[in-house]
Amino acid sequence: MNFPDDVRYTKDHEWVRAKGGQFVVGITDFAQDQLGDVVFVELPDVGDTVKKGESFGVVESTKAVSELFAPVSGKVVEVNDPLTDAPETINEDPYEEGWMIVVQPSDPKEAESLMDAAAYRAFVEEQE
Amino acid sequence: MANPTGWKPSMEKDAEGGPAPGAGGVGAGGATRGLAFEEPLLFERGSSGRSGVSLPPAGDGADPASEIPAALLRPAIDGLPEISELEVVRHFTRLSVWNYGIDTGFYPLGSCTMKYNPKSSEAIARLPGFAQAHPLAPAAMVQGALELMFKLERALSEIAGMDVTALSPAAGAQGELCGLMLIRAWHESHGNPRRKVLIPDTAHGTNPASSALNGYEVVQLASGEDGRLHPETVRAAMDENVAAIMITNPNTLGIFESHIAEIAEIVHAKGGLVYGDGANMNALLGVARPGDMGFDVIQYNLHKTFATPHGGGGPGSGPVAMKASLAPFQPLPIVVQDGAGYRLVTDPRERPRTIGKLREFWGNFGMFARAWALIREYGPEGVAMTGRLAVLNANYVRAKLAGTYHLPYETDSLHEVVFDDRHQKASDVTTMDVAKRLIDHGFHPPTIYFPLVVQGALMIEPTETESKETLDRFVEAMKAIADEARSDAAAVKAAPTKPVRARLDETRAARRPVLRWRPGMKVE
Amino acid sequence: MTLRYHPHTPEDVRAMLDAVGASSLDDLFRSIPARLRLGRPLDLPPAADEITLLAELRALAARNATDHPPFVGAGAYPHHVPPVVDQLLLRGEFFTAYTPYQPEVSQGTLQALFEWQTFVCLLTGLDVANGSMYDGSTAMAEAALLATRTTGRKKIVVSAAVHPEYRKVLATYLRSTGDEIVAVPFGADGRTDLEALARAVDGSTAAVIVGYPSFLGVVDALPEAAAIARKAGALTISVTAEAVALGLLQAPGALGADVAVGTFQSFGNGVSFGGPAPGFFAAKEAHLRQMPGRICGATVDKQGRRGFVLTLSTREQHIRREKATSNICTNAGLAALASTMHLALLGKSGLARLARLNYERAALLREAMGRAGFRPVFSGPAFNERAFDVGDAEAVVARLAKQGIAAGAPLGRWYPDLPAAKGALLCVATEVHSPELVELFARSVKG
């Protein structure tokens, strides 16, 4: 199981990576492993607003549907469209090619309260 | 991340086919080799000009083009098959051989009540007087059908301990929808529809879906460690914004909600109603009645409790039994006595508070005929024995497997028992693997990964129509699989090996949907 | 004598109770509080042996007058179901199987379901179809709900010529959603009034619903209605209760329907006093994820062989629960299988011939009724159903009932404001109504 150091983590198993004042968002290796083969992902449109803790989309395997919760608030500036035709990317490369959206944050400080890799690893181990 | 079931489907990437289980390759349930046939789709066979019907000549009479504009006409449809009657017969005969039905063997799908479908019920439903009766024929011409419906309504009301039963809902889920509409209408008549419905975490998915469709917010209640819903939990959630609680009793763990009377009191005290999901009625038949426990309304599943055929997924029939307080709202039509005969009440002016119609015409009459035939054959003694033997069978299986498979709840089981795969996990064998290996033994697997409160759930409902010998063979198979999980896990994980198809790639089916035939269709 | 469905002997019961550690059957119910137990036999008629049962139910069935084929359709159509369909349908492996949750041992059900879906797509001219609905009326209600979800709008515009039962069901389903239903009248020709439709449809319209053919038997103006809908950004839903019509009429999908619903009762299923029958639901590809009901898809197994599975299940109640597209679980599987078998037998040429035959028989009926002095109420083109002005429709129905003939549906029951409300009798003629029977009927109506 992968817990890269260059991202921060939410309790809902999303990760956030700071990139030039913006935040790239995806789901963690643990999340994709729990879900199984991803068959479908529903993402917002560029220009949509997201709010920390609220649902911004959905990821589906054949037997489960999981909501995606925004780790930070802001405006969606980029969406990983190829995921629609290749949802398996989320399983194969959740932290890089499997990125989902890029958010222009309204309050960058929101990311500070998220877990680092060590804390998230401990959190996940507690779950199992 | 929500995946409470623990079911993570993915293509098995390990062992390529294993040995067939059992001595000489014959499974504990008798499954052996046989001649089955590959059979293409209808649209992939035949040749031009064939047809399998015998009809009078056509084409010399009136010409549609003389009346119907050309843009609204089309020639014979390309792509439709062109095959002879024998080819059609062989096609479906061969397809049927790929299927496993109750008539094939033991089918212990929990909460589905896969009891034997009586053939005499079939013969009765097909009597021309029933099969060819038109729903809009004048009442004088269909008194037989109306009388059957009237009598069935009386019997279903009696069995459930309710005052009246609406026959029209098409299936259990539509029965739930009806029940919630009744509840809503009742609350509206008291000035406030309210906003919430309480639903235990063991509930079937149709329960919250039906609530949402009626504009209610679902509040999920946690069942206790004994698998039961506790009064304190309900008390904490119950307020004047709650329209109803929806309870399945016994619940989907097969456990009787023994606090039901107190729970009903709590809900009623704050002006709420109690809805019963009657999917598990088989356990209560003749022993206890929902109407006597505090339920205000409950739906039946005739295709479960009264053995109307499951037919590959339906049709069902979901009559809704209710207390008198809800009767004014019931959907139309209703069968009432009319002098010495019967008639249908279809005009809302006769029942101004009706919620309206839920489906076309009057109900799945074909299912009414079958259910009534079974009730007539059962009589009161037969109904009462049904529940008792269903519960005996489930408890027998539980006792025999309790050491081998893990029981998530020690609480008493009624007509179904839930195990999980905790003991098998050490060998990396899952509930899914156990289910698939059961097929190689000659059994249809139980319900798996439901209810959601149990990770890796294996829900077994034998029903009363199964003999002790069948249950013994099933137990033998389950034990053999548990042994095999320890000695040769790969063989279990490679199952099933005997049916015409091995495990299918459900991921691929969802990622690249192919939902109909098209010319040149290739699936690789 | 124990019931034949209960194999347990007293010895079996004893041995099993021992294994369980219970002293009696009642002991197994200790989790049910004593005061909740029934404690008396159920008040039901006494058990009947099979001979008594069959005699009693035969007598009951005989009190339904079914010697003559009905001349009424109005949503339940008397057609010839070849005996081979019933015999194939009764194969226990089809009949007694359940929902194909374990695809490896359900390939029969699944492949047949895939074939049903294909038939529905071919007949409706649309891209995707589900594994059946309860019936035509609920399929229509679900289509309306799909339209409101997809467009985000709250108004459904439906032609008054659409089946009145279906419209009542729509109203019931939409009761608590806050959606508005607006009915548009039909003209003297029996077709939807297009000017009234254009006035009713606007930017708040989620869908326009039109019968095809309509309840009045008329082939309604589907292309024109679809154009009006499209212009306003609304979906077009076509409703077909007499599926045989699709063997003659242009596919609704080719005429602008986004969703086509109705029932395939006419194929393989008798009228059975109104149920069960297979509703169908077909749509353009874009609506796939919003479609209710089970869907079967093709895939491969571990050894690369083509097979079938239920798929896209995340739309459904067992996964999405309160967020599901619908709460439907059990559908109309066996009824859909009967239709699939019948359509397989008919095939390309058989279906065209059957449809043509229906049209011709209805034309014969029109001529015979004409000679008897009864004119069609509507001038619009019809398929196999037509309303005739017979003077006093209810009286005709009552009189012919005494002869064991179900004469037709008096339109005045649903359309009291029609100019011909008192006389309008909706009659069907299909392949089961021979030319002689048609002649006899017209003369009987005349009296």
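**Close-ups of a predicted three-chain model**

**A buried arginine in chain B.** Arg437(B) has a relative accessible area of 0%, so it counts as buried (buried is under 20% relative accessible area, exposed is over 50% and partly exposed is in between, with a 1.4 Å probe and protein chains only). Its side chain meets that of Glu484(B) in a salt bridge, 2.7 Å from N to O (the rule wants a side-chain nitrogen of Lys or Arg within 4 Å of a carboxyl oxygen of Asp or Glu). Glu484(B) sits in helix 14 (residues 468–487) of chain B and Arg437(B) in helix 13 (residues 431–441) of chain B, so the pair ties together parts that are 47 residues apart in sequence. Helices (H or I, at least four residues) and strands (E, at least two) are DSSP runs, numbered from the N terminus. Glu484(B) is buried too, at 12% relative accessibility.

**How to read these views.** This is a predicted model, where local features need pLDDT of at least 70, side-chain atom pairs count only at pLDDT 80 or more, and totals for chains, interfaces and linings use all residues. Residues are numbered from 1 along each chain as its sequence is written, chains are lettered from A and ligands numbered from 1 in the order in which they are written, and side-chain values use heavy atoms, with hydrogens and water left out.

Glu39(B) and Arg94(B) pair up through their side chains at 3.7 Å, N to O. Glu39(B) is in the segment before helix 1 (85–97) of chain B and Arg94(B) is in helix 1 of chain B, so this bridge ties together parts that are 55 residues apart in sequence. Glu39(B) is buried at 5% relative accessibility, while Arg94(B) is partly exposed at 25%. Another bridge links Arg306(C) and Glu44(B), 2.8 Å from N to O. Arg306(C) lies in strand 9 (residues 306–311) of chain C and Glu44(B) in the segment before helix 1 of chain B, so that pair joins two chains.

**Where chain B meets chain C.** Here 220 residues of chain B are in contact (heavy atoms within 4.5 Å) with 186 residues of chain C. The two chains bury about 17400 Å² between them, 63% of it on carbon and sulfur atoms; buried area is the accessible area (1.4 Å probe) that two parts lose on being put together, summed over both. The rule finds 15 salt bridges across this interface, one of them between Lys357(B) and Glu165(C) at 3.2 Å, N to O. Helix 11 (residues 365–401) of chain B gives the largest share of the chain B side, 28 residues.

**Phe273(C) in the largest nonpolar core.** This core has 146 residues, and Phe273(C) is among those touching the most other members, along with Ile245(B), Phe306(B) and Leu411(C). A nonpolar core is a set of buried Ala, Val, Leu, Ile, Met, Phe, Trp, Tyr and Cys residues joined through side-chain atoms within 4.5 Å. Beyond its neighbours within four places in sequence, Phe273(C) contacts chain B residues including Phe130(B), Met149(B), Trp362(B) and Phe365(B).

**Thr124(C) in helix 5.** Thr124(C) belongs to helix 5 (residues 107–124) of chain C and is buried, at a relative accessible area of 0%. A polar atom of its side chain lies 2.7 Å from the backbone oxygen of Val120(C). Setting aside neighbours within four places in sequence, Thr124(C) has contacts including Leu246(C), Pro252(C) and Phe280(C).

Definitions and conventions. Polar contact = N/O pair within 3.5 Å; in protein donor to acceptor, adjacent residues only side chain to side chain.
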